[in-house]
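Work through the exercises below with the sequence and the 3D view open. Try each task before you read its solution.

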Amino acid sequence: MKEIIFASEKLPRKLHTLTAWLNMDGDLVFDDGEVYSAGGGKGRTVDDYLMVRAGYKSRMLDLLGQAFRGISDTCGEAPDDRLFCTLERMARSGHWKSLDEIEIWLMDRDVSFTKQKWVK
């Protein structure tokens, strides 16, 4: 499956993106990435990851369907296809512009996730 882009903005000396994708284990990963430029030199990259383990994706899909009035019911047969279709529609309509918004949404609904930061 392809990557879903929730936000992408280019600012002076920084590129920010918020994306979602499935990793090799089938976990849903949200990546809040920032690439900083450093004049003529090498810049740095900071990524914050929020991961919903594969076992919790069905709960998330059910909750998204409830929150967005059955949007997932019109999106294919396979659960991952339905989840991605729902997330793509949310991204196109402007939902979840930050990792904090996603984290709060998941916490409010008791969906388990992990977070990690990567700096290069």
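**Exercise 1: Aromatic rings**

Task: Is F6 buried or exposed?

Solution. F6 has 2% relative accessibility, so F6 counts as buried. (Buried means under 20% relative accessible area, exposed over 50%, and partly exposed in between, with a 1.4 Å probe and protein chains only.) F30 is buried too, at a relative accessible area of 0%.

Before going on, note the ground rules. This is a predicted model, in which local features need pLDDT of at least 70 and side-chain atom pairs count only at pLDDT 80 or more, while totals for chains, interfaces and linings use all residues. Residues are numbered from 1 along each chain as its sequence is written, and side-chain values use heavy atoms, leaving out hydrogens and water.

Task: How many aromatic pairs are there?

Solution. Start with the rule. Rings of Phe, Tyr and Trp (its six-membered ring) pair if their centres lie within 6.5 Å; planes under 30 degrees apart are stacked, over 60 edge-to-face, and the rest tilted. This rule gives 4 aromatic pairs. One of them joins F6 and F30: it is tilted, with 6.1 Å centre to centre and 50° between the planes. F6 sits in strand β1 (residues 4-11) and F30 in strand β3 (residues 28-38), so this pair ties together parts 24 residues apart in sequence. (Helices, H or I with at least four residues, and strands, E with at least two, are DSSP runs numbered from the N terminus.)

Next, take W96 and W105. Their ring centres are 5.4 Å apart and their planes meet at 70°, so the pair is edge-to-face. W96 is buried at 5% relative accessibility, and W105 is buried at 9%. Finally, ring pairs link F6, F30, W96 and W105 into a cluster.

**Exercise 2: A hairpin**

Task: How many bridges join β1 to strand β2?

Solution. Two strands pair if DSSP finds at least two bridges between them. Here 7 bridges join β1 to β2 (residues 14-22), and the strands run antiparallel. A7 stands opposite L18 in β2. The hairpin has 2 residues between its strands, and R13 takes a positive phi near 70°.

**Exercise 3: One aspartate**

Task: Which residues is D47 in contact with, leaving aside neighbours within four places in sequence?

Solution. D47 counts as buried, at 8% relative accessibility. Contact means heavy atoms within 4.5 Å. With those sequence neighbours left aside, D47 contacts D31, D32, G33, Q116, K117 and W118.
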